[in-house]
Amino acid sequence: MGTWHRALGVSALAGMVAAAACLPGRGPALNPVIDDAGTPPPESLGDDSGVLDELNLGPPFAVTGLQPSHGPWSGGTRTNIAGRGFSSNIAVWIGSTQLASSDVFASDPTKVAVLTPPGTPGPADIRVQNLDTAAEATLTGGFVYDAFSVTPGTGATTGGTRIALEGSGTQWTSASTITVGGKPCTGVTFTDATDLACTTPANGAGSQSVLVTNADGSTEEADDAFVYSDSPDGYRGGLYGGALSGTLTVLGFDAWTGVPLQGGQAIAGSNLATAVVGTLGVSGAVQITGPSLTGTVTVTVAAKCHQPMTYVDVPVDTVTVYLTPTLDPACAGDPSSGGNYIPQDVGTIEGQLVWSGGIEFQRAAWGNVPAPGPHEHQVAYVFTAAGTPLAGFSVPDISSATTPDSSGDVGYDYSLVAIPGNTTLYALAGLEEDADAGEANRFEPFAMGIVRGVPVQPNVTTAGVDIPITTLLDRALTTVPQAPPSTARGPNLLSSTLAIDLGSGSYAALPQGTVTTFLPVSGNVSFVGVPALDATLVGSSYDVSATAVTSGSSNPISAVTGVETTDANDPLSLGGFFDIPVLVQPSNATWSGTHVQIQASGPIDLAVVNVASGNGLVQWQIVAPGSDLSFDLPDLSQVPDVGQLLHGVLVTNFAIARIGGFQYGQVRSGQLVSSAWSAYAADVATGSY
């Protein structure tokens with residue numbers, strides 16, 4: 001707090017303090033003044049206990065509240081502790097758990113940002129201690145742990161997101177029901193007393209509470225546990241439910257708008273002559289029964305003006321698909337598919353990049369970034385963490401940069417937009433070379449910092465998200481790739497990628513995180529300029545991938561992804577590549593449209609085949625378990641009024657994959673893409689239909 005004019009009356013002083021308390025974030029910095037008698041002002045208001053008593057501000061070290069004040073028992077909630085008298089050297093306890101120093105960041109004397117640890121459902125005391133002075137304050141019941149967590153915590157406004165509820169001490173039963181935003185969740189699946197799942201209803205953009213009601217009328221509620229936004233997600237479609245035992249429920253929706261595909265056909269069986277067929281109703285659902293629906297069954301969903309989709313050997317009783325519209329002018333309005341994949345309801349995050357050094361809680365120089373040379377400038381960028389380690393890095397537009405000339409009081413201001421949900425941010429600070437006209441800037445980072453658990457709401461600004469820039473990018477990591485053998489068509493290049501696994505499925509890409517070499521590799525592959533896993537990166541790990549690709553077309557391709565290590569000293573072995581698979585049918589001959597066969601070896605969890613006709617106008621996606629790479633399909637040419645392949649040239653993309661902890665009966669749509677696979681091999685073949 002700044003110094004004060006002694007001639008101010010107590011009432012005026014109290015008014016100024018009250019006004020300062022109403023300002024968001026930080027109080028004003030007041031300039032020192034001298035009174036009329038020339039007497040110097042006191043060092044600070046905190047040194048004058050008489051003035052404090054007269055103002056009745058309370059103790060000089062205090063905890064006054066938290067925002068947000070609740071979160072799931074599993075932890076991971078970023079919350080701001082408000083109070084006064086904080087220092088940068090501070091310890092925090094939630095309940096009996098002391099937080100790791102990497103999860104505590106005080107950016108001014110009135111605010112400490114923390115990441116909550118797991119806890120017991122119910123209220124927990126917040127205890128804060130100034131480690132320099134031993135001053136301590138406790139807020140009784142300051143944070144409340146919700147009885148269950150919701151995963152994922154965000155999904156599309158059209159609904160259809162499959163969410164899992166994990167309770168602590170809950171007594172759920174098969175009769176428990178779930179609502180999201182007051183609307184019933186469908187397809188409720190009971191696993192045990194602490195595990196439920198359901199499919200979200202449609203709702204407007206924003207956060208909604210999730211409520212579980214038990215058969216005895218008791219309830220558990222998690223406020224603001226699910227955020228709706230206008231963006232599809234990887235949890236909307238797939239397989240779930242109990243073992244298939246005579247009854248199958250199939251749900252079909254438009255992938256762009258979420259509109260139910262009324263009139264679409266659900267075909268349970270690999271042969272139309274013996275299959276059980278149902279028609280999707282007004283809600284996009286149909287329940288079909290029959291003695292053949294036991295064990296496993298192949299399920300195909302097809303609808304007018306939409307791309308068909310098949311799951312082979314379905315072992316569970318519920319299948320949900322989101323079919324992509326056919327981009328044919330003749331299909332306009334059948335049904336409407338005017339949606340798109342671009343999020344419309346985004347949020348904004350604002351804060352400051354904070355360097356240590358100098359006077360506490362005042363902005364410091366960029367001490368861990370070298371001075372710029374000729375044609376260089378110091379710059380920092382803030383990114384939202386990617387959902388895959390293979391996202392790649394690109395330098396943002398210079399208009400979004402933070403520089404030493406940016407405004408700010410304890411740091412340097414930044415602002416960015418983000419998709420709603422629980423977000424992890426990371427910042428990179430370094431030197432950028434002045435670019436010639438039309439060329440991309442060369443950016444070399446030297447320091448970084450992260451902040452986890454940032455809540456983003458649609459069309460809302462989340463302010464005060466400060467990021468300490470504390471970690472140096474001064475390490476090197478070496479890999480020993482064991483690349484797969486090449487075929488006559490390739491692969492002939494190895495692209496190695498390093499990202500930082502920040503936890504909770506989020507990754508930081510680095511500009512120096514990709515190295516490309518020719519195959520066969522004659523030596524090791526090294527990454528230089530890797531961050532140490534310290535400060536805000538404590539608990540993170542290095543995520544390394546290697547992809548054997550073919551120059552010019554990428555295919556054939558074989559990759560190993562998501563190899564984790566926390567050791568930057570010892571070389572990391574990269575093995576487990578698949579050999580390139582061979583597509584037997586469809587082949588270069590005319591395809592019947594009813595049989596697929598892939599020749600491949602190794603422990604395979606999943607096969608994904610995409611057969612495209614009409615230059616990609618109509619595509620049939622086929623998903624199969626790794627245990628069945630030769631299977632039959634229903635003849636869609638005999639099904640009227642549904643999307644089906646066009647006669648002529650076919651282009652078939654096919655892949656085999658391994659996925660950690662995979663269960664085919666719980667496969668989600670987000671697992672049908674290579675970014676979710678721990679190892680895969682893919683190729684493309686042409687033929688005719």
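The accessible surface of the chain comes to about 29000 Å², and 52% of that area belongs to carbon and sulfur atoms. Areas come from the Shrake-Rupley method with a 1.4 Å probe; for residues, only the protein chains shown count as cover. This is a predicted model: local features need pLDDT of at least 70, side-chain atom pairs count only at pLDDT 80 or more, and totals for chains, interfaces and linings use all residues. Residues are numbered from 1 along each chain as its sequence is written, and side-chain values use heavy atoms, with hydrogens and water left out.

**Confidence**

- The mean pLDDT of the chain is 87, and 89% of its residues reach 70 or more. pLDDT is the predictor's confidence in each residue, from 0 to 100.
- Residues 1-54 have pLDDT below 50; beyond near neighbours in sequence, this stretch has 55 contacts in the model. Contact means heavy atoms within 4.5 Å.
- Residues 335-343 also have pLDDT below 50, with 21 contacts beyond near neighbours in sequence.
- Where pLDDT is low, the predicted coordinates should not be read in detail.

**Fold and burial**

- The chain has 2 helices and 48 strands. Both are DSSP runs, numbered from the N terminus: helices are H or I with at least four residues, strands are E with at least two.
- Of the 689 residues of the chain, 49% count as buried. Buried means under 20% relative accessible area, exposed over 50%, and partly exposed in between (1.4 Å probe, protein chains only).
- Among contacts between residues at least 6 apart in sequence, 68% join residues at least 24 apart.

**Nonpolar cores**

- The largest nonpolar core holds 64 residues; Tyr426, Trp591 and Ile622 touch the most other members. Such a core is a set of buried Ala, Val, Leu, Ile, Met, Phe, Trp, Tyr and Cys residues joined through side-chain atoms within 4.5 Å.
- Leaving aside neighbours within four places in sequence, Ile622 is in contact with residues including Thr310, Val312, Val596, Phe631 and Leu633.
- Another core lies apart from the largest one and has 40 residues, among them Leu248, Ala266, Ala657 and Tyr664.

**Aromatic pairs**

- A search of the whole structure finds 15 aromatic pairs. Rings of Phe, Tyr and Trp (its six-membered ring) pair if their centres lie within 6.5 Å; planes under 30 degrees apart count as stacked, over 60 as edge-to-face and the rest as tilted.
- The Trp366 and Tyr412 rings have centres 5.6 Å apart and planes at 80°, so this pair is edge-to-face.
- Trp366 lies in the loop between β27 (347-354) and β28 (376-384), and Tyr412 in strand β29 (residues 412-418), so the pair ties together parts 46 residues apart in sequence. Both Trp366 and Tyr412 are buried.
- The Trp591 and Trp620 rings have centres 6.4 Å apart and planes at 50°, so this pair is tilted.
- Trp591 lies in the loop between β42 (582-585) and β43 (595-599), and Trp620 in strand β45 (residues 618-625), so the pair ties together parts 29 residues apart in sequence. Trp591 and Trp620 are buried.
- Tyr381, Phe383, Phe393, Tyr426 and Phe443 are linked by ring pairs into a cluster.

**Charges over rings**

- Arg127 lies over the face of Trp93, at 3.8 Å from the ring centre. The criterion is NZ of Lys or CZ of Arg within 6 Å of the ring centre and within 35 degrees of the ring normal.
- The charged end of Arg236 sits over the ring of Tyr322, 3.9 Å from its centre.

- Thr516 lies in strand β37 (residues 506-518) and is exposed, with a relative accessible area of 51%.
- Thr516 touches Leu493, Leu494 and Ser495, not counting residues up to four places away in sequence. The C-alpha atoms of Thr516 and Ser495 are separated by 4.4 Å.
- Ser406 lies in the loop between β28 and β29 and counts as buried at 15% relative accessibility.
- Ser406 touches Arg363, Ala401, Tyr412 and Asp413, not counting residues up to four places away in sequence.

**Backbone geometry**

- Most residues other than glycine have a negative phi, and most peptide bonds are trans.
- A cis peptide bond joins Gly490 and Pro491, with omega about 5°. Pro491 lies in the loop between β35 (475-481) and β36 (493-503).
- The bond from Leu519 to Pro520 is cis, with omega near -5°.
- Asp224, in strand β18 (residues 219-229), has a positive phi of about 55°.
- Asp313, in strand β25 (residues 309-314), has phi near 55°.
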